[in-house]
Amino acid sequence: MAELVLGSARRTTRRIRVVSSAGIVAAVLLAILLVPPLVQLDQQAVDLAAKLRPPSWQHPFGTDDVGRDLLLRCVYGLRVSLLVGIVAGLTATVIGTAVGALAAAFGGWTDRIVMRLVDTFSSVPHLLLGIFIVAMFRPGVGPVIVSVALTHWLSTARIVRSEVLSLRSRPYIDAAISGGASRARVVVRHLLPAVLPQAGLAAVLMVPHAMWHESALSFLGLGLPTHQASLGNLVQTARGSLLAGDWWPTLFPGLFLIIPTLALAGLAGAWRERINPRRRSELML
């Protein structure tokens, strides 16, 4: 009886988490799509007479240190951060899936060399390697996407490799090879479709991770240009205001970063449990 009650409580908690996460993600998408055209304000417009005004009906999130509407700046910043996260996450997933599938499919020296390279790159912290990459370019969206994508494919490669290694022992793979199918055909027709759910989950998990890295790089002054709205830039420029006692320029960009990433992680966690409930921690990035 106690196990039934506990199981029911877990299912209820999981359902609440999924519904709330989906609602937050839907609200974020609606805000990104609707707020800029509906709010007739220029997010770059400077109004020094209205600088650092607290939240009000006219400015629900207040204004920043040069009088710009903080709600509009947060929405634009979230749009940029989400764009970086999605593009970088998909790129990293494609790279990791290709590397992991080829390493496991060919095996032998190819597998050993590729995985030693993966271990070598993994020994360097992601943020440190990302800083090294973006430092070679001018600040902008493109270098940040390249930096995040080139430093976040390693976990996906390991996941896909382990899945492909387990699939290689399946009877239908042996039958395809015995029938004369080449390794490339086996990879494309049989192995890659089987690992697509895990690769898709890795891509979803990568998005919030990439958003945090973009914000960290922008906060350090190595990501997007300072005049362009991004959540990392908004937090970085608000440090002086926070020391002066003005809390809203720091609080709202931080919430815009934390809440959507937690919602995406919640949806990805539910997807992970549905794909493989017995190995919930295997796909953590």
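The following paragraphs lead through a predicted model of a single chain, from its overall make-up to some of its individual residues.

Read along the sequence, the chain follows the pattern α-α-α-α-α-α-α-α-α-α-α, with 11 helices and 0 strands. Of the 285 residues in the chain, 42% are buried. Among the contacts between residues at least 6 apart in sequence, 73% join residues at least 24 apart. The accessible surface of the chain amounts to about 15200 Å², and carbon and sulfur atoms account for 68% of that area.

Most residues other than glycine have a negative phi. With a relative accessible area of 24%, Leu52 counts as partly exposed, because that class covers values between 20% and 50%.

Asp69 then caps the N-terminal end of α2, with a side-chain oxygen placed 3.4 Å from the backbone nitrogen of Leu71. Helix α2 itself covers residues 70–106, and its 37 residues reach 53 Å from the first C-alpha to the last, which is close to the 54 Å expected at 1.5 Å a residue. Just after α2 comes Gly107, which takes a positive phi of about 65°.

The structure holds 4 salt bridges, and the next ones to consider involve helix α3 (residues 108–122), where Arg116 and Asp119 both lie, 3 residues apart, or about one turn of the helix. The closest N and O atoms of the salt bridge between Arg116 and Asp119 are 2.9 Å apart. Asp119 also meets the side chain of Arg158 in a salt bridge, with an N to O distance of 3.1 Å. This second pair links distant parts of the chain, since Arg158 is in helix α6 and Asp119 in helix α3, 39 residues apart. Through shared partners, the salt bridges join Arg116, Asp119 and Arg158 into one network. As for their accessibility, Arg116 is partly exposed at a relative accessible area of 47%, Asp119 is partly exposed at 31%, and Arg158 is likewise partly exposed at 34%.

Helix α6 (residues 154–167) also contains Thr156, which at 1% relative accessibility counts as buried, because the cut-off for that class is under 20%. When its neighbours within four places in sequence are left aside, Thr156 is in contact with Thr93, Gly96, Thr97, Ala202 and Met206.

On the surface, a nonpolar patch is formed by Ile24, Trp212, Leu242, Trp247, Leu251, Leu255, Ile258, Ile259 and Leu262, which together have about 790 Å² of accessible area. Helix α11 (residues 248–275) gives the most to this nonpolar patch, with 5 residues. Leu262, one of the patch residues, is found in helix α11. At a relative accessible area of 58%, Leu262 is exposed, because the class begins over 50%.

Conventions:
Residues are numbered from 1 along each chain as its sequence is written. This is a predicted model: local features need pLDDT of at least 70, side-chain atom pairs count only at pLDDT 80 or more; totals for chains, interfaces and linings use all residues. Side-chain values use heavy atoms; hydrogens and water are left out. Patches are made of residues with over 30% relative accessible area and no salt bridge: like charges are joined within 9 Å, nonpolar side chains (Val, Leu, Ile, Met, Phe, Trp, Tyr) within 5 Å. Accessible areas come from the Shrake-Rupley method with a 1.4 Å probe; for residues, only the protein chains shown count as cover. Helices (H or I, at least four residues) and strands (E, at least two) are DSSP runs, numbered from the N terminus. Buried means under 20% relative accessible area, exposed over 50%, partly exposed in between (1.4 Å probe, protein chains only). The expected span of a helix is 1.5 Å times one less than its number of residues. A polar contact is a pair of N or O atoms within 3.5 Å; within protein, one must be able to donate a hydrogen and the other to accept it, and residues adjacent in sequence count only if both atoms are side-chain atoms. Contact means heavy atoms within 4.5 Å.
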